[in-house]
Amino acid sequence: MPLKRVVITGMGAVSPYGKGSDLLFSLLLAGENAVQRLESLENISGLGPRVAAVVPDIGIKEIPRQMRRSMSSMSAYAYIAALEALDQAGLDVPATEKGRLGIALGSTMGSPENLESFFRQYISSTSVDQVKSMLFFRIMSNSAAANLAQALGVTGRVLSPAAACSSGCQAIGLGYEAIAFGRQDYMLCGGTDEYHPLVSGTFDIMAAASTAYNDAPALTPRPFDMRRDGVVCAEGAGIVFMESLDSALHRNADILAEIAGFASTCDIGSIASPSSDSIAACIKAALEDAKIASKDVGYVNAHATGTELGDIAESQAIASIFGGTVPVSSLKGHIGHTMAASGALESIAAIHMLNKKIIIPTHNLEEPDPRCSEIFLPLERIAFTKGLVVKNSFALGGTNCALVLKRFNSENAIRGMA
C-alpha cells in the first residue's frame with residue numbers, strides 16, 4: 001500500500017514573543033531578542049544564570065475555568081496554539097468526532113511549577129491531606145496531551161512523547177507517520193514547556209547554562225559564536241495541524257508545507273554529550289525517508305543551543321552531508337531554548353521562511369567559531385533559493401530527530417501520489 005503524502009495546513013505558536021505564528025516570524029525577521037533578566041532568579045542560592053526567555057501575559061484566564069482547572073501553564077500554551085492551528089486549517093468541529101483527529105504533543109516532563117507545589121506541601125507536613133487532586137493532572141508526564149484532548153474532545157490516538165528537547169520534533173514525526181500509514185485523518189502535533197528556575201538549574205549543574213551575559217541579556221545565547229557560553233532556557237508551545245494531501249485538496253485548504261521525511265535515532269555513545277556521527281546518521285536517515293539528495297536541500301535549521309560541544313558536533317555532522325554551501329542557522333539566539341517546544345516552534349518558523357523565501361541568520365552570531373567554519377553560517381538575511389528544509393532536534397538522553405520540510409508545489413499535487 002503506498003503511503004499517503006502528508007501536508008501541514010495550520011500552525012499555532014505561543015513563544016517568548018507572545019501569541020501567534022505570524023508574530024513569531026515577524027519578530028524573528030526583525031531580529032528581536034526575547035531574553036530578559038528575571039527578578040525571580042536573583043535570590044536562588046548557587047544558581048549562575050539570571051536570564052531566561054518567558055512568555056508574556058497572553059490571557060490564559062480567558063480559557064474557560066472548567067478546562068483550565070486541570071491545566072498547567074504549558075497545557076494552556078498548547079491549547080492556545082492548537083486553537084490557532086485549527087483556525088488556520090479551517091477544520092470543522094465535527095471532524096473531531098469518531099476519532100478522526102489525533103494528538104501527538106510532547107513535553108520534557110509534567111509541570112515543574114506544580115511539582116514544586118506538590119513537594120512543598122508534602123515535605124513541610126509529611127502529609128498529603130492538603131494536596132488537591134487537580135494537582136496530579138498537572139504533573140502527569142502526559143498532562144499537556146491529555147488536557148488538550150479533553151479540551152478539544154479528541155477521541156483518536158493521543159501520544160505524548162517525552163524525548164527531552166527533541167519531543168516537539170518527534171511528535172511531528174509521529175503524526176506524520178500516523179497519517180502516512182492511514183491511522184488518523186488529522187493530527188495536531190508539537191511540543192510545549194513552561195519555564196521554572198530548576199530548568200536553568202539543571203543546565204547550570206552540567207556547566208551548560210549561559211552565565212556571562214546576566215547583565216546584558218540581549219547578547220545571549222550565541223549559537224556557533226566564539227563568545228557563546230551556553231543555553232538560555234525558555235518556554236512556549238508550537239502546534240502544527242497535519243492531514244493527507246488528498247484531504248487538504250478535497251477541503252481546498254491552504255497548504256503551508258509538505259512533510260517529506262522524518263527520522264528519529266538514538267545516540268548510545270553518551271547520555272549527555274552529542275556525537276557528530278550519530279547526528280549525521282539521523283539526518284541521512286531523514287533524507288533517505290524523503291527520497292531526496294543532500295544537494296536539493298536549501299536550508300538547515302540547526303538545533304544549536306549555544307554550547308561548545310553541541311554546536312561543534314552538529315556543525316561537523318552538517319558539513320559531512322551538505323559541505324559548506326547550504327545555509328545553516330539557529331533561532332535560539334532570538335528566543336532561547338524552548339525545550340520540548342523548540343522543534344515545533346522552529347519548524348513553524350522554518351515553514352514561514354520557506355514560503356517567504358527568506359533565511360533568517362543566527363542572532364548574536366558575530367564571530368563564528370573556526371571549529372564550525374566548515375558550514376555556511378550567513379550573518380545577514382539571504383534568499384531561500386531551494387524548496388527543502390532539514391530541521392534538526394537533539395536531546396539529552398541521546399534522542400536525535402530530523403524532519404524534511406518541502407515547499408508545496410500545486411503543479412505536483414497528484415492525488416494518491418506516494
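Axes here are lines fitted to C-alpha atoms, for helices over the stretch in contact, with angles running from 0 to 180 degrees between N-to-C directions. The model is predicted, so local features need pLDDT of at least 70, side-chain atom pairs count only at pLDDT 80 or more, and totals for chains, interfaces and linings use all residues. Residues are numbered from 1 along each chain as its sequence is written, and side-chain values use heavy atoms, leaving out hydrogens and water.

**Exercise 1.** Work out how helix α3 packs on helix α6.

*Step 1.* Grab the axes: α3 (residues 73–89) and α6 (residues 143–152) come within 9 Å and cross at roughly 50°.

*Step 2.* Name the angle. That makes α3 oblique to α6 (under 35 degrees is roughly parallel, over 145 roughly antiparallel, 65 to 115 roughly perpendicular, the rest oblique).

*Step 3.* List who touches (contact means heavy atoms within 4.5 Å). From α3 come Ser75, Ala78, Tyr79, Ala82, Leu83 and Leu86, and from α6 Ser143, Ala144, Asn147, Leu148, Ala151 and Leu152.

**Exercise 2.** Is α3 enclosed or open?

*Step 1.* Count the buried residues (under 20% relative accessible area, 1.4 Å probe, protein chains only). Twelve of the 17 in α3 qualify, so this helix is largely enclosed by the rest of the structure.

*Step 2.* Pick out some of them: the buried set includes Met74, Tyr77, Ile80 and Ala89.

**Exercise 3.** At what angle do α10 and α11 pack?

*Step 1.* Helix α10 (residues 276–290) meets helix α11 (residues 308–322) at about 45°, the axes being 8 Å apart.

*Step 2.* The two are therefore oblique to each other.

Technical notes:
Helices (H or I, at least four residues) and strands (E, at least two) are DSSP runs, numbered from the N terminus. Buried means under 20% relative accessible area, exposed over 50%, partly exposed in between (1.4 Å probe, protein chains only).
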